[in-house]
Number of protein chains: 2
Amino acid sequence: MLPSKNKYLSNVSFDTVIFGFTGEELKILVLEYQNSGMFALPGGYIRRDKNLLDAVKEGVKRRTGLNKIHLEQFHTFGMLKRSDPEPTKIIARGLGYELEEDNWMLDRFITIGYYSLINYNQVKPKPNKYSDSINWYSINNLPPLMMDHEKIVEKALEVIRTDLLKKPIGINLLPEKFTMKELQKVHETILNKKLRRTTFQRKILNMDILKRHEKLFTGAANKAPYLYSFDKDKIENT
Amino acid sequence: MLPSKNKYLSNVSFDTVIFGFTGEELKILVLEYQNSGMFALPGGYIRRDKNLLDAVKEGVKRRTGLNKIHLEQFHTFGMLKRSDPEPTKIIARGLGYELEEDNWMLDRFITIGYYSLINYNQVKPKPNKYSDSINWYSINNLPPLMMDHEKIVEKALEVIRTDLLKKPIGINLLPEKFTMKELQKVHETILNKKLRRTTFQRKILNMDILKRHEKLFTGAANKAPYLYSFDKDKIENT
DNA sequence: TCTTATTGTTCCAAAATGATACAATAAAAA
DNA sequence: TTTTTATTGTATCATTTTGGAACAATAAGA
């Protein structure tokens, strides 16, 4: 069954850019609708009976299987030219439906963009009944996304780059415990430039948000690095 | 005539926080709907046939008479509890209309917030046919605003405070030519704290975005300050 | 001419950042 | 066991940015 008009708000939707980090590359989740060749960001309509943020969380869960992830609103997109009914028709057709010309889903939509940074390894995205697949794609090698979704990704990247300098958001891309080198790699990948090791280490440690744990013995012939974790207590006492 | 359903998008609206600076205080524009006692931010519905930003600009012009002002999107508000049909009913009643229970304007609305910084003196806001009055109110002495409009103002303030450190937005609140002292006062008022004169002057001048003009002789018994203006050329060559 | 308030600048101290050097080490090689 | 190698954690010093105060330059009134 397709989404019904009276369950959702008209003319407003959400789209999410969900980032993961492989250790080498920054990736995002992209889903492919069945029999349509259409690639899209996980997005959807907004339930009438929920707060915007809750509706988005619920939508993300249905689209990706991901639960309890932190979502941050970053921009709302409302260009006229983003309202093309064709992609929606194609998607519906791929699911075996032929939409009437006056179907509410073919109307103009303004979409609210959210981003999330999650642990690439602790998560197994699951396609739902509408989508063929949901997969990680490198930021530098995305499939052609439908509508203005590429612009949405670009804007999300812009925003996380500036947020990275203020909040320790990079930590969400890593496992609970991580080395300084891994955190530096996250920053370098997002900012797309090399950082000086000593300066980076000093800056992060001076932020006083990390707890130091045991050393990590990798078997390599050199000094073992310490493991760190994000220290919630230190943050709250600020 | 009330706004008609087929001209506007459903469930989405905009609201604007328009800042002005008197020389002493930061103010915003608040309008009062006729015979209703309802105070609100200039806002409205979004025309189906325009880009979001253009629709907002057009709406602002109709509400306030202000033309060609720069608007910056800052947040989209979608809490469930902001959807109370009562205020809209009261406003309609004040205009001599009784809305049916299923009228589209009584439905839930998600609102997109925009802010603008304009020159308090070069502008004469005009009420339109729906509003009784449109007036400047000090940030610290607002009338009770309808719905969640006070939260919207708060968020706008938060955003301009952080933007102030990055972009030279304070300049928009001043006339074409201004003294360093005036610009400092703008920053102090927005940030709500005193700034050191010498440090502020150096920081602003080092940004290399100002053109220096003739001195301003005020008649006071002391050294006359230079006038400055925003230098668009210097910005573009960056 | 002297006084007063304010402005533009300079100067020095303090803090943050950039860049390099170096000691500590984990494990393999000699 | 000792030496070697790569990498990590810090210390150190230079450079840049910022904080804070001092001071000379002035516009106009006393």
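At roughly what angle do the axes of helix H4 and helix H5 of chain B cross? First, some housekeeping. This is a predicted model, so to speak of local features we need pLDDT of at least 70, side-chain atom pairs count only at pLDDT 80 or more, and totals for chains, interfaces and linings use all residues. Residues are numbered from 1 along each chain as its sequence is written, chains are lettered from A and ligands numbered from 1 in the order in which they are written, and side-chain values use heavy atoms, leaving out hydrogens and water.

Now the angle. In chain B, the axes of H4 (residues 180-191) and H5 (residues 197-206) cross at roughly 100 degrees and come within 11 Å. Axes here are lines fitted to C-alpha atoms, for helices over the stretch in contact, with angles from 0 to 180 degrees between N-to-C directions. Helices are DSSP runs of H or I with at least four residues, strands are runs of E with at least two, and both are numbered from the N terminus. H4(B) and H5(B) are therefore roughly perpendicular to each other; that label covers 65 to 115 degrees, while under 35 is roughly parallel, over 145 roughly antiparallel and the rest oblique.

Which residues meet there? From H4(B) they are B:Met180, B:Leu183, B:Gln184 and B:His187, and from H5(B) they are B:Arg197, B:Phe200, B:Gln201, B:Ile204 and B:Leu205. Contact means heavy atoms within 4.5 Å.

In chain A, the axes of H4 (residues 180-191) and H5 (residues 197-206) also come within 11 Å and cross at roughly 100 degrees.

Next, the two chains together. Chain A gives 22 residues to the contact and chain B gives 22 residues. Between them they bury about 1800 Å², with 52% of it on carbon and sulfur atoms. Buried area is the accessible area (1.4 Å probe) lost on putting two parts together, summed over both.

The rule finds two salt bridges across this interface, a salt bridge being a side-chain nitrogen of Lys or Arg within 4 Å of a carboxyl oxygen of Asp or Glu. One salt bridge joins the side chains of B:Arg48 and A:Asp107, at 2.3 Å from N to O. On the side of chain A that touches chain B, strands E1 (8-21), E4 (43-47), E5 (72-77) and E6 (110-117) each supply at least two residues. E1(A) has the largest share, four residues.
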